[in-house]
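This report covers two protein chains and the contact between them. It begins with a single residue and then widens to each chain and the interface.

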Amino acid sequence: MNEIAKLSSEQVTQVAKLARIAISDQELTKYTEQLSAILNYVDQLSAIDTTKINSVGQITGLTNVMHSDQAGADLIDSKLFVLSAPQSENSFLKVRAVME
Amino acid sequence: MIDEKLITSWSLIETAEQLAQGTVSSVQVTEAYLARIERLNPSLNAFLTVFQETALDQAKESDNRRTNGQVLGQLDGIPLALKDNISTVGQKTTAGSRLLENYEPLYDATVVRKLKAAGAVILGKTNLDEFAMGSSTENSAYGPSKNPWDLSRVPGGSSGGSAVAVAANLCVAALGSDTGGSIRQPASHCGVVGFKPSYGSVSRYGLLAMASSLDQIGPITKTVADATVLWSTIKGDDSFDSTTLPNDQYKSSQISNTPDGPNPVDLKNLKFGVPKEFFGEGINPEVKNLIEQSIEKLKTIGADIVEVSLPLTDSALAVYYVICPVEVASNMARYDGIRFGESLARGDQQAKLLSVYEVTRAKYLGEEVKRRIMLGTYASSAGYYDQYYNQAMKVRTLIKQEYDSVFKQVDFLITPTSPTTAFKLGEKTKDPLTMYLADVNTVPINIAGLPAITIPVALADGLPVGLQLIGQSQTDLNLLSVANKFNLLFDHLDQSQQEMNQLKESA
């Protein structure tokens, strides 16, 4: 079988960064342990021979479902959309500076 | 004056008949359910939000239509509950999360639009594990729901609130969603019917997405006949969801749903398989015994039942816990505190962009959600994508092929819905993996996109046991017909239902 997948706390710190979730030191320890255990469990999949098998994103068999590019009626009230955002100004959503 | 207890004990079809006969009005039925919710919801926590006013308005409109001879159909005036991850325009949709505590969608989900067009009354939104991630409703940010059969036990999840609402007669019927068993498992634990349609059967537009290749909305009901009515109304292709199947692709029902309809169900023409891998080592011996007894009972009415094997069953749970977190990580990225929902940005004017993202998500999302996001982020990241996600998708193909092969031997599969009955609150919360294993009998069905239904068949130490019937993809009509026949056979839970009702009255 395969060696036990064990995440390092550096890896989990990096993953949390990618996932845009702030975690405390206590959480780091806890998640490192839990994620390692789950990855260890799912590692059983690597023993299955899939050499000639296609991966499939969903099983309906549907591909490239198209519709004509025609504008229809507004489905959402844009004023309400802007108002329900955490921060907005006039008809714009406001975000913090993306670049320094 | 008809008894409130009687009114709320009716099935959907019975309620529709009583409305048609004029025995009751929709307002009376709705008031009966609202009164019962007010009395019992505090101890059951099935509903997160009750739409007191709009429900009565909808009921009044229904009664007016009926007076004017303009009844819209069987669902006109029928009070329903919706799992709180289904968008209802202008009405709170929380997904069981603090992040959406005050969120009111700007649009109705397609299924909601269809129910409203059919004249249904929407009573309110039911509790769920946060963002549908969980098997017990204990991950809800608003407290767990309680199993009406034993208030110290979970109702199952993630559609726990909907299952409780139906089981405790707090609504005529409900909608839930199922990604790895979230309709079927709680329905089984609460002694009601739960149907997960074929993937692509019901539009996911407006369902707060969890795992887009696995999610399906479906009915939780008192009877299979009720589930058929609800599913018929909500199904169909939808230009807002390009994974919905074209309507003419369904295998048309060869079997009628009623005893005197064309081609009534004759079990002698059908073959049923019992996959031995669904009776694995984790199964409760009493559950195993009762399911086997139920299968024997089916044989006495002519069912041809054989043992089959699905060797990849054990791997299906591992496939699920790769594919699901990866898709979750992708779908949860939208909760970034920028466009909607709670956010650090609402209160803190100094915080920089990265903090808005990181702290909003840390503060307002629960543990299980964060765990799955991180797991999925890792399993799809550069260097690990092939080993985990790509491999899981390939094994999914193999699992689908395995089901295709078995459905050449048999028409339907019969399994226990869950390896156990409802567990105690707090019993499985310490270790995530222990909770994940609760779904071992339901998850493979989502991986293969098949339709499956659970029907209550027995009680083990006073707790409901469900039997799962599985069909090949797009055989939903035939599956429901056969399940209906089974459902009529196992109706002895009714009496216990009465005892359960008495238990709840004193709660």
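## A serine in chain B

B:Ser97 sits in the loop that links strand 2 (79-83) and helix 5 (110-117) of chain B; helices (H or I, at least four residues) and strands (E, at least two) are DSSP runs, numbered from the N terminus. The model is predicted: local features need pLDDT of at least 70, side-chain atom pairs count only at pLDDT 80 or more, and totals for chains, interfaces and linings use all residues. Residues are numbered from 1 along each chain as its sequence is written, chains are lettered from A and ligands numbered from 1 in the order in which they are written, and side-chain values use heavy atoms, leaving out hydrogens and water.

B:Ser97 has a relative accessible area of 0% and is buried (buried is under 20% relative accessible area, exposed over 50%, partly exposed in between, with a 1.4 Å probe and protein chains only). Apart from neighbours within four places in sequence, B:Ser97 is in contact with B:Glu130, B:Phe131, B:Ala141, B:Tyr142, B:Tyr364 and B:Leu365, where contact means heavy atoms within 4.5 Å.

## Chain B

Chain B contains 18 helices and 11 strands. Its radius of gyration is 22 Å, close to the 23 Å that the globule rule gives for 507 residues, so chain B is as compact as a globular protein of that length. The radius is taken over C-alpha atoms, and the rule is 2.2 Å times the number of residues to the power 0.38.

Of the 507 residues in chain B, 66% are buried. Among its contacts between residues at least 6 apart in sequence, 76% join residues at least 24 apart.

## Chain A

Chain A has 3 helices and 2 strands, in the order α-α-α-β-β along the sequence. Its radius of gyration is 23 Å, whereas a compact globule of 100 residues would have one near 13 Å. The C-alpha atoms fill a box of roughly 60 × 45 × 25 Å along the principal axes.

Buried residues account for 29% of the 100 residues in chain A. For contacts with a separation of 6 or more, 45% are between residues 24 or more positions apart.

## The interface

In chain A, 53 residues are in contact with 68 residues of chain B. The two chains bury about 5,300 Å² between them, with 69% of this on carbon and sulfur atoms.

Conventions
Buried area is the accessible area (1.4 Å probe) that two parts lose on being put together, summed over both.
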